[in-house]
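Here are my notes on the model you asked me to look over. I have kept them to a few points that you can follow on screen.

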Amino acid sequence: MALELWETLKEAITAYTGLSPATFFTVVALGLAAYYVISGFFGGSDHHQHVPRQYEEQMQPLPPPVQLGEVTEEELKQYDGTDSKKPLLMAIKGQIYDVSQSRMFYGPGGPYALFAGKDASRALAKMSFEDKDLTGDVSGLGPFELEALQDWEYKFMSKYEKVGTIKNTVPVTDGTSTSEPAAEATESDASKPAEDGPAATAHVETPAIAESKEE
């Protein structure tokens, strides 16, 4: 069956083109090659120019991580990826990591972009994307959530470089201010028996004096 179709095709090529089948297919192949060469020079020039630029931007070497030291949560928000000149940072359990190499995940438009520039410990533990969970407060979490958070922390420690810590904003009580009232209270307590002593003595001695007078 296939042989009959091939013979019929050769006869049709010869009848309609006046060329032999070998010559006909050679001309077709040369025409296709010429088409791709011409389209490469004109039609696809923009595509070939833009694609390498995008890859070049992605493949540019990242600057070395900058050590920030201790910063506040408000200062950390400056490194959420909106400014391409600044590193992309994120914190877990108060430890800040440079996640610039994973900008496609944590940068603007990425699936975890809302975690950038924040301590997202609670959100990662609960795998939550709600604003109320974008905090470093891990109080009230269950054992499974704490274990999940620990896994995230190990991942960040092994993959990203730590560049700082979040400053503790809890007010510290001044020891001198608390000790002074205690000292005053101690002094007042110590002075009470001394004040009551003479009064009590006088009260006790009064009957004795009365008896002596009667005698």
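1. Start with the hairpin of β2 and β3, which has two residues between its strands. K93 takes a positive phi there, near 55 degrees. Strands here are DSSP E runs of at least two residues, and helices are H or I runs of at least four, numbered from the N terminus. β2 (residues 89-92) and β3 (residues 95-98) pair in the antiparallel sense over four bridges; pairing takes at least two DSSP bridges. A91 stands opposite I96 in β3.

2. A word on the source: this is a predicted model, in which local features need pLDDT of at least 70 and side-chain atom pairs count only at pLDDT 80 or more, while totals for chains, interfaces and linings use all residues. Residues are numbered from 1 along each chain as its sequence is written, and side-chain values use heavy atoms, without hydrogens and water.

3. β2 is covered on both faces: L89 and A91 are buried on one side, M90 and I92 on the other. Buried means under 20% relative accessible area (1.4 Å probe, protein chains only).

4. Please treat one stretch with care: pLDDT (the predictor's confidence in each residue, from 0 to 100) stays under 50 over residues 171-186. The chain mean is 74.

Terms used:
Buried means under 20% relative accessible area, exposed over 50%, partly exposed in between (1.4 Å probe, protein chains only). Contact means heavy atoms within 4.5 Å.
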